[in-house]
Amino acid sequence: MQLRRQLLLAPGPRCPRPIVRMLALLLLLALQGAAAKGAPGPEDSGWRPDAELQRGLLQQAARAALHFFNFRAGSPSALRVLSTVQQGRAWINSKKEHKVDVVFTTERYNPEEGEEHFGKCSARVFFRNEKPRPAINVTCIRFVEKSKRQQEDYLLYKHMKQLKTPLDVVSIPDSHGHIDPSLRPIWDLAFLGSSYVMWEKTTQFSHYYMAQLSSLNQWKTNDDAIDFDYTVLLHEFPTQEIIPCRIHLVWYPGKPLKVKYLCQELQTPEEASGIEEGSAVAPTELSNF
């Protein structure tokens, strides 16, 4: 035992100090390079803090993130609207593109009396200057219990499937701005599909609200999905233009929403197809926990 301890403690041959220093320097450079590749951020090459950050840009980013969140959630019972932008920051590059980090609160679209209305979201939004369809990574804290949301979605689904004749709605709301309670679920489902359109058309400088639903036709299908076409009037800001969009929506509770649309622009028509599953724009992601 004594002999073994002496062997373990015996000093080995010493390396020349210049070689040790050289190896340490090479290891340090390798670690710095790996860290730079593994952790890119807005401050990396080409991006700088936006010294002229305006609150309107934070509002724009929050609205776009919420449209995308509503679409990806795929639940008319979990729809949210923007409440308050709490904080944010932005970076700009030489192409005048913006990366925006924003934290904001939301309200349930149709809150019930006595329930907590507020939720909270954080998002990173990438605006490609005047190009539509910003890339979005958004995380929201759920304020509607999953079981309750599933139950409400199923009741809406069951109601629509039990209709003896397909829906044929002229206009929601009516000429007095009133939405009949029996038609409210239809409006919510239409708003859900329109969220995709409003996200896709949003740019750094323009955003949209759904003003009216008209010409809704439900189709009988051989499978279990709800399938209908409808026309919405989107109110564009800041131009104040009203843009009609024809939307085809396929929905089944708990499954990805399917949307196709055709919007009649004032100058050139634009046609687009909604994604059926997965991420809309890489690296766009959705997290809801």
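**First stop: a helix pair**

Select helix H3 (residues 55–73) and helix H5 (residues 184–201): their axes come within 8 Å and cross at roughly 135 degrees. Axes here are lines fitted to C-alpha atoms, for helices over the stretch in contact, with angles from 0 to 180 degrees between N-to-C directions. H3 is therefore oblique to H5, a word for angles left over once those under 35 (roughly parallel), over 145 (roughly antiparallel) and 65 to 115 degrees (roughly perpendicular) are set aside. Now show the side chains where they touch: Ala-64, His-67, Phe-68, Asn-70 and Phe-71 of H3 meet Phe-191, Leu-192, Ser-195, Tyr-196, Met-198 and Trp-199 of H5. Contact means heavy atoms within 4.5 Å.

A word on the model: it is predicted, with local features needing pLDDT of at least 70 and side-chain atom pairs pLDDT 80 or more, while totals for chains, interfaces and linings use all residues. Residues are numbered from 1 along each chain as its sequence is written, and side-chain values use heavy atoms, leaving out hydrogens and water.

**Zooming out**

Colour by secondary structure to see five helices and 12 strands; these are DSSP runs, helices being H or I of at least four residues and strands E of at least two, numbered from the N terminus. Of the 289 residues in the chain, 42% are buried (under 20% relative accessible area with a 1.4 Å probe, protein chains only; exposed is over 50% and partly exposed in between).

**Into the core**

Which residues have the most contacts inside the largest nonpolar core? Select Val-102, Phe-104, Val-138, Leu-213, Tyr-230 and Trp-251, in a core of 57 residues. Such a core is a set of buried Ala, Val, Leu, Ile, Met, Phe, Trp, Tyr and Cys residues joined through side-chain atoms within 4.5 Å.

Next, pick Ile-247 in strand S9 (residues 242–251). Ile-247 counts as buried because its relative accessibility is 1%. Its C-alpha atom is 6.1 Å from that of Thr-231, 16 residues away along the chain. Beyond neighbours within four places in sequence, Ile-247 has contacts including Ser-194, Val-197 and Tyr-261.

**Last stop: backbone details**

Look at Ile-172 to Pro-173, a cis peptide bond with omega near -5 degrees. Pro-173 sits in the loop between strand S6 (168–172) and H5. Another cis bond joins Phe-237 and Pro-238, with omega about 10 degrees.

Finish at Lys-96, a non-glycine with a positive phi of about 65 degrees, in the loop between strand S2 (80–92) and strand S3 (98–108).
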